[in-house]
Amino acid sequence: MGLSLEEDHEVILDQILETLVVESADVLVIAGDVFDRSSPPNSSIRQFNRFLKRVAEETEAAVVMISGNHDSGDRIEAMSVFSTASRVLVRGIADAVETPLMLRDEHGEIAFSALPFSYEYAAREVFGDEGISTPADVIAAQISAARDQVPEGARWVVVAHAFVAGGAVGETERALTRVGGIETVPSDVFDGADYVALGHLHKPQEVGASHIRYSGAPLAFGFDEAGSEKSMTVVDLKAEGAAIRTVAFRPIRQVRSLTGAFSDLLAGTPSEDFIQAILTDENPLVDPMKRLRATYPNACHLAYDRQGRAPETKMLSGGRAAVTPIDMVGDFIKVVHGREPNASEVAIVADKLHAAASGEEQA
Ligand SMILES: [Mn+2]
């Protein structure tokens with residue numbers, strides 16, 4: 001939306017830390033995307049590094065993290081090189097050998113398999129399998145490699161970045177296939193896992209079964225996510241099955257969509273929220289965004305609600321075989337101002353049309 005979200009992220013990162021401490025969490029799972037682009041700004045990298053340092057110093061939680069499709073796999077992989085193997089599993093690049101992070105609780109061992117996002121062409125090389133042609137094939141190969149390394153009797157947590165069939169998609173998640181085609185992964189590819197922590201879709205949701213879940217994005221990223229609550233998922237793995245609940249994030253600024261007459265919106269309660277304004281006014285306004293920002297300094301999108309004008313729009317394109325340019329402009333003035341063009345408007349249009357026509361002749 002063109003505005004810095006650093007402050008917004010900082011508050012959410014604080015809330016994640018607080019939850020890790022309050023819940024005495026054994027592990028923090030970050031299922032990608034870690035960043036929203038392959039070359040994030042240095043300030044974002046620093047902010048994330050500060051967060052990981054605090055997780056290491058202020059909590060007991062292990063960290064399991066994978067790259068998503070927006071991330072540079074190599075950048076994320078680089079974060080794994082010097083990590084403490086007993087407490088951290090960071091994966092940026094797919095591998096034919098899927099060594100899990102092993103943790104233990106009162107019920108026994110738990111294997112965490114972290115499967116980084118991989119495109120098909122890269123997976124074909126890694127697994128030496130030319131038959132890999134869809135995201136489902138990629139995940140199936142990764143899962144098969146991971147399953148081989150899970151010790152007998154251990155519970156199994158899978159972390160993956162995929163679009164699992166049945167998930168609700170928003171407007172801002174980038175497609176996982178490069179040339180279209182089937183990008184969804186059937187949820188039964190995860191058969192045998194006690195919990196599947198998914199990244200990619202922004203809405204917190206389960207897919208296929210209650211133990212296969214997207215935690216969702218920490219912040220709303222588009223106006224289609226306006227009003228939706230973001231959360232982290234807290235999973236208590238039992239001897240069998242998992243108790244799952246969510247802890248809602250409390251963002252400093254919400255993403256909201258406001259619809260109404262411009263004068264009503266201006267008279268509304270001032271707010272720092274990210275606002276999309278849908279104006280129901282019949283006539284276009286002068287500099288509405290600038291004026292709107294007096295009440296909503298973070299307003300970032302403005303549109304007119306055209307629904308009420310549909311019949312008139314139809315009139316413009318309806319039925320006539322030939323329309324002169326002056327008639328077209330006249331129709332436009334009728335739609336916008338609700339009246340016939342006056343003599344001076346017709347004169348201005350005629351003058352401009354004449355100038356444009358003679359310009360064309362000279363060119
Ligand atoms: Mn993604």
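I started with aspartate 287, which is found in the loop between strand S15 (274-279) and helix H7 (288-292). For the labels, helices (H or I, at least four residues) and strands (E, at least two) are DSSP runs, numbered from the N terminus. Residues are numbered from 1 along each chain as its sequence is written. I also noted that this is a predicted model, where local features need pLDDT of at least 70, side-chain atom pairs count only at pLDDT 80 or more, and totals for chains, interfaces and linings use all residues.

Is aspartate 287 buried or exposed? It counts as exposed, because it has 7 C-beta neighbours inside 10 Å. The cut-offs I used: buried means 20 or more other C-beta atoms within 10 Å of a residue's own, exposed means 12 or fewer, and partly exposed is in between, with C-beta atoms placed from the backbone. Aspartate 287 also has a positive phi of about 50 degrees, although it is not a glycine.

I wrote down a reminder: most residues other than glycine have a negative phi, and most peptide bonds are trans. Serine 24 has a positive phi too, about 45 degrees, and is not a glycine. I found serine 24 in the loop between helix H1 (6-22) and S1. Serine 24 is exposed because 9 other C-beta atoms lie within 10 Å.

Next I looked for a cis peptide bond, and one joins glycine 32 and aspartate 33, with omega about -5 degrees. Aspartate 33 sits in the loop between strand S1 (27-30) and helix H2 (42-58).

**Helix pairs**

Two packed helices are described by the angle between their axes and the distance between the axes. I checked H1 and H2 and got axes that come within 11 Å and cross at roughly 15 degrees. Axes here are lines fitted to C-alpha atoms, for helices over the stretch in contact, and angles run from 0 to 180 degrees between N-to-C directions. H1 and H2 are therefore roughly parallel to each other (angles under 35 degrees count as roughly parallel, over 145 as roughly antiparallel, 65 to 115 as roughly perpendicular and the rest as oblique). Their crossing is right-handed; a crossing is left-handed if the near helix is turned anticlockwise from the far one by less than a right angle, and right-handed if clockwise.

Which residues of H4 and H5 meet? Glu120, Ala123 and Phe127 in H4 meet Asp137, Val138 and Ala141 in H5. The contact of H4 with H5 has four nonpolar, no polar and two charged residues (Ala, Val, Leu, Ile, Met, Phe, Trp, Tyr, Cys and Pro count as nonpolar, Asp, Glu, Lys and Arg as charged, and the others, Gly among them, as polar). Helix H4 (residues 120-127) and helix H5 (residues 135-147) have axes that come within 9 Å and cross at roughly 35 degrees. H4 passes H5 in a left-handed crossing.

**Whole chain**

I ended with the overall numbers. The protein chain has 10 helices and 16 strands. Its C-alpha trace spans about 85 × 50 × 35 Å along the principal axes. Buried residues make up 29% of the 363 residues.

Valine 335 is partly exposed, because 13 other C-beta atoms lie within 10 Å.

Key. Contact = placed C-beta atoms within 7 Å.
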